[in-house]
Amino acid sequence: MSQTSNAKIRTAKITERIDAITGIPQRYLADRLPAPRSVKIELTSQCNYRCGFCAHRLRMKDRGEMDRGFYERVVGEMVDAGVEELGVFYIGESFMCPWLPEAIRYAKQRGIRYVFLTTNGSLSTPGRVKACMEAGLDSLKFSMNNADEAQFREITGVKPKLFRDSLANLKAAWRVREEGGYGCGLYASSIQYDGEQQERMTELVQEEILPYVDEHYWLPLYSMGSLATLREEELGYRPIAGNQGRVGALREPLPCWSAFTEGHITYDGKLSACCFDAGDKWVMADLTKVPFMEGWNSELFMALRRAHLKKDVTGTICETCVAYQQ
């Protein structure tokens, strides 16, 4: 990759890409849709954290790793249908997948224009990051949601050492990219809390994160489809309804962009309407049995979209998520 193309990727803001998806362009305000611009695919549902704000910790389904043959088949179908961006992650932590670099390389060679990845950072060691960048990764984002080791231990339920590891790996990723001249953008996001906790988070971001990323942005605390609200309230946090995007560009909960502009595929081949589906509650099709576009415009999916367009999801699986009140 040339230095010119490297610079182009690095100057493209990740927030602009996010807003292009959450904003729901006019041509996607329908029940039957063209291929989504973006899809997230779950190479593994495993995660080494047990975050209190994440429904993943509830273990609502068996965990596992995606079949590589299925991955290659569905990526090909998506490219042929017009999908341009592929997130090689969904609910799980993709650095737990041993063939992550190969998945990135295959997607790029097959025709995906932009491959992106979000990680908690604890397993993204310099060697693993380098392998992913060499494979063609376009964007690596670190989710940095804790201000110190004490909060990290309380929220994630794992050893504080991983907090230090994640910060060290973020800084090392910057060095790997700069030394290798890779075109991968480096980003970070953090949950926006309030009061003293937010002051501490802001200090961490300013001193430990911003010098090593191209862009950082804040996210509201989501209710994860109302699946994690009890634990969040135990921790003293109040999530918002639905998925309204990022702080600074929040959208109305309905219609929810997740059902219109971005696909979500679980490790076992289920196409979900929800970006928070840790338990197959929003499954719209089984892609091990039907092609991607057939699932994307299944009768079940189109019926849910019609409810969203009417801004009345009463009686649907989305009702508790968007009705959640702070």
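Q: Why is Lys311 called exposed?
A: Its relative accessible area is 54%. The cut-offs are under 20% for buried, over 50% for exposed and partly exposed in between (1.4 Å probe, protein chains only), so Lys311 counts as exposed. The residue is found in the loop between α11 (299-309) and α12 (319-323).

Before going on, a word on the ground rules. This is a predicted model, where local features need pLDDT of at least 70 and side-chain atom pairs count only at pLDDT 80 or more, while totals for chains, interfaces and linings use all residues. Residues are numbered from 1 along each chain as its sequence is written, and side-chain values use heavy atoms, with hydrogens and water left out.

Q: What makes the phi of Lys311 worth a remark?
A: Phi is near 60° there, a positive value in a residue other than glycine. Most residues other than glycine have a negative phi.

Q: Where does Asp280 lie, and what makes it partly exposed?
A: You'll find Asp280 in the loop between β8 and β9. Its relative accessibility is 26%, so the label is partly exposed. Asp280 also has a positive phi, about 60°, although it is not a glycine.

Q: How do you know that the peptide bond from Leu254 to Pro255 is cis?
A: Omega is near -10° for that bond. Most peptide bonds are trans. Pro255 is found in the loop between α9 (229-234) and β7 (262-265).

Q: How many helices and strands does the protein have?
A: Twelve helices and nine strands.

Q: What is the order of the strands in the open sheet?
A: The order is β6-β5-β4-β3-β2-β1-β7-β8-β9, with mixed pairing. Two strands pair if DSSP finds at least two bridges between them.

Q: Which are the edge strands?
A: They are β6 (215-219) and β9 (283-286), since each pairs on one side only.

Q: In what sense do β5 and β6 run?
A: They run parallel, joined by five bridges. Ala188, for instance, has His216 in β6 as its bridge partner.

Q: Why is β6 said to be largely enclosed by the rest of the structure?
A: Five of the five residues of β6 are buried, hence the wording. Glu215, Tyr217 and Leu219 point one way from the strand, while His216 and Trp218 point the other way.

Q: How do you know that the buried residues of α4 are on the same side?
A: The buried residues are Leu100, Pro101, Ala103, Ile104 and Ala107. They cover an arc of only 160° around the axis, which puts them on the same side of α4; the arc is that of the directions from the helix axis to the C-beta atoms. As background, an α-helix has 3.6 residues a turn, so residues three or four places apart point the same way. These α4 residues pack against α3 (68-81), β2, β3 and α5 (126-135).

Q: How does helix α4 run relative to β3?
A: Helix α4 (residues 100-110) lies across β2 (85-87) and β3 (114-119), at about 155° to β3. Axes are lines fitted to C-alpha atoms (for helices over the stretch in contact), and angles run from 0 to 180 degrees between N-to-C directions.

Q: What makes Ala168 partly exposed?
A: Its relative accessible area is 41%. Ala168 lies in helix α7.

Q: Are Cys132 and Cys184 buried or exposed?
A: Cys132 is buried, with a relative accessible area of 1%. Cys184 counts as buried too, at 0% relative accessibility.

How values were computed:
Helix = DSSP H or I, 4+ residues; strand = E, 2+ residues; numbered from the N terminus. Contact = heavy atoms within 4.5 Å.
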